[in-house]
Amino acid sequence: MLRFTFRRLLQIIPVLWIIITATFFMIRFVPGGPFTAEKAVTPEILRNLEAHYGLNKPLYQQYFDYMGSLLRGDLGPSFKYPNRTVNEIIGDKLPTSLELGFISLAVALTIGITLGTLAAVKRNSWLDYICSSTAMIGICVPTFVLGPLFVLTFAIHFQWLNASGWYGPSDRILPCLTLGCVYAAYIARLTRGGMLEVLNQDYIRTARAKGASETRVVFKHALRGGLLPVVSFLGPGIAGILTGSFVIETIFQIPGLGREFVNSAFNRDYTLVLGTVILYASLIVILNLVVDVVQIWLNPKLKFE
Amino acid sequence: MSPTTLPSAVVTPEQIETGNSLWYDAWSRLRKNRLAVCGGATLLVLALLCAFGPFFTQSYQDQNLDLGASGPSAAHWLGTDTLGRDLFSRILFGGRISMMVGLVATFVALAIGVTYGAVAGFFGGKIDAVMMRIVDIMYALPFTIFVILLMVFFGRNIFLLFFAIGAVEWLTMARIVRGQIISIKKMEYIEAARALGLGKRRIIFRHMIPNILGPIIVYTTLTIPAVMLLEAFLSFLGLGVQPPMSSWGVLIKDGAEKMEEFWWLLVFPGGVFSLTLFSLNFLGDGLRDALDVRSSKD
């Protein structure tokens with residue numbers, strides 16, 4: 001167990017190094033620099049700007065400088081927001097995105113596991129059909145359709161909630177519900193499948209034969225095994241919620257890191273793009289590791305595969 | 001890919017008489033699955049409408065500026081947009097692009113995934129271990145972010161879009177194909193092909209891949225909606241298909257910006273897009289049951 005974790009931890013380092021290097025050079029080989037979009041400046045000013053940010057050094061030198069400061073945890077200055085460092089911007093925007101992500105994940109897990117378990121326990125009943133078709137709707141109606149539809153219904157038509165913004169607790173409802181719904185649908189399908197498989201196993205029959213109540217059978221015995229597919233989905237699911245937040249933050253005008261990332265890519269703010277990609281990549285890679293370890297802990301058989 | 005052409009392409013008359021071919025069995029199972037048949041029929045209708053409809057409707061550029069944005073009416077079934085363009089024909093034209101992206105990018109993913117998986121599975125051993133480890137690692141990468149970067153930095157070119165999306169979506173296909181290849185590698189007819197001295201490439205592409213077409217077809221059907229979703233996601237962020245070309249993602253983006261006054265601009269493109277995804281998913285699920293592909297991937 002420990003050895004497995006340690007080995008996977010070591011694998012993270014080359015993966016992150018490849019991501020950082022690839023992104024770094026990809027951005028630098030692109031035509032047009034961060035200052036080309038601005039109103040025409042004299043060549044002299046452009047040279048001064050480039051000298052100030054170290055863009056006039058040879059490329060390999062820039063690369064080693066960047067990697068060096070990265071090791072010290074410094075992501076450099078932003079090119080588009082003068083006087084602000086990338087660390088500051090990320091520190092400013094990340095908490096909002098994390099809050100959005102975590103609430104959405106909680107929503108997805110709660111709705112998904114509940115619907116999936118209900119559908120599996122009452123297999124082939126009308127309840128199952130309702131749960132399963134709701135899940136299908138969640139999968140087929142993408143966030144960028146569902147979000148605007150929610151706004152249209154609850155904010156514009158009924159005027160119960162704000163259409164955009166991120167101030168009071170009620171502003172959390174629509175964005176988190178939108179982002180959570182899609183993953184709730186996947187989780188519901190996986191839970192139903194996993195539970196159906198487990199509910200047919202001998203040890204469940206044994207539990208029933210020993211007179212355990214249905215609730216006890218479901219929650220105590222079946223759920224742990226039935227949720228295995230859900231755990232393995234959490235890795236891609238979390239990555240999806242992170243990238244999904246780009247769209248959600250755009251729709252609901254939430255001042256988070258996702259919207260900042262898309263803007264910084266449009267603005268060619270090299271350092272901010274790099275910093276955000278590094279952050280997202282590390283988050284996703286580390287969370288995948290956690291998911292793998294939890295999976296093995298839940299199902300030791302996997303270790304030999 | 002539509003269910004009506006599937007068996008006739010593969011099943012010969014003699015096989016129908018004996019009625020025991022894999023494809024015939026699959027077809028009769030698929031026909032009984034009402035949702036899958038509905039999905040297939042809806043897709044066929046949508047595809048035909050998008051392919052041939054624009055010859056009969058107004059051009060998507062025809063404007064009726066007096067009208068401006070108007071709701072659904074007899075002249076314009078789904079209303080018009082703020083520039084007075086007929087929404088129905090815009091949806092059909094957008095559908096052409098969306099479906100083309102769906103097909104081409106899926107084909108790219110298919111080509112990469114099948115070749116990669118087949119090579120890994122066929123050679124096995126160290127080659128397989130290294131190749132699949134790479135896939136495992138790539139699974140963990142934030143690829144959507146890379147597609148976004150590609151689109152931003154290298155211009156929003158539609159051909160780049162095909163390849164960027166295709167290059168992201170091949171991983172699952174590679175895993176499935178590898179698993180299938182391993183499971184048939186030791187079969188007698190492969191041994192026979194080897195004994196006849198056939199080259200490796202010929203064995204893989206002439207003898208192995210035709211025998212694992214079932215899973216490949218199923219996951220191709222399920223890759224198309226994923227690809228279309230990614231295209232629409234990028235277009236919604238303004239990074240995919242660029243106006244004046246339109247795709248369903250572009251129309252949804254437009255609609256979401258103007259929905260406060262003109263709800264139909266959001267509801268109809270969004271509805272058609274979701275309907276397409278529904279149909280593809282139902283058809284894919286139906287094919288999976290019909291061809292009896294187990295849901296486990298390895």
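Colleague: In what order do the elements of chain B run from the N terminus on?

Modeller: They run α-α-α-α-α-α-α-α-α-α-α-α-α-α, and the count for chain B is 14 helices and 0 strands. The terms are those of DSSP runs, numbered from the N terminus, where a helix is H or I over at least four residues and a strand is E over at least two. This is a predicted model, in which local features need pLDDT of at least 70 and side-chain atom pairs count only at pLDDT 80 or more, while totals for chains, interfaces and linings use all residues. Residues are numbered from 1 along each chain as its sequence is written, and chains are lettered from A and ligands numbered from 1 in the order in which they are written.

Colleague: Why does W77(B) count as partly exposed?

Modeller: A residue is buried if 20 or more other C-beta atoms, placed from the backbone, lie within 10 Å of its own, exposed if 12 or fewer do, and partly exposed in between. W77(B) has 13 C-beta neighbours inside 10 Å, and therefore counts as partly exposed. W77(B) lies in the loop between α4 (34–52) and α5 of chain B. By the burial criterion, 45% of the 298 residues of chain B count as buried, and for chain A the figure is 37% of 305 residues.

Colleague: Leaving aside neighbours within four places in sequence, which residues is W77(B) in contact with?

Modeller: With that exclusion, W77(B) is in contact with P72(B) and F88(B), a contact being two residues whose C-beta atoms, placed from the backbone, lie within 7 Å.

Colleague: How many residues of each chain are in contact with the other, and which elements of chain B take part?

Modeller: 28 residues of chain B are in contact with 32 residues of chain A. On the chain B side, the elements that give two or more residues are α7 (143–153), α12 (213–236), α13 (248–258) and α14 (264–290), and the largest share, 7 residues, comes from α14(B). The residues of that side divide into 23 nonpolar, 4 polar and 1 charged, where Ala, Val, Leu, Ile, Met, Phe, Trp, Tyr, Cys and Pro count as nonpolar, Asp, Glu, Lys and Arg as charged, and the others, Gly among them, as polar.

Colleague: At what angle do the axes of α6 and α7 of chain A cross?

Modeller: The axes of helix α6 (residues 143–157) and helix α7 (residues 173–199) of chain A come within 9 Å and cross at roughly 145°. Those axes are lines fitted to C-alpha atoms over the stretch in contact, and angles run from 0 to 180 degrees between N-to-C directions. The residues of this contact divide into 9 nonpolar, 3 polar and no charged.
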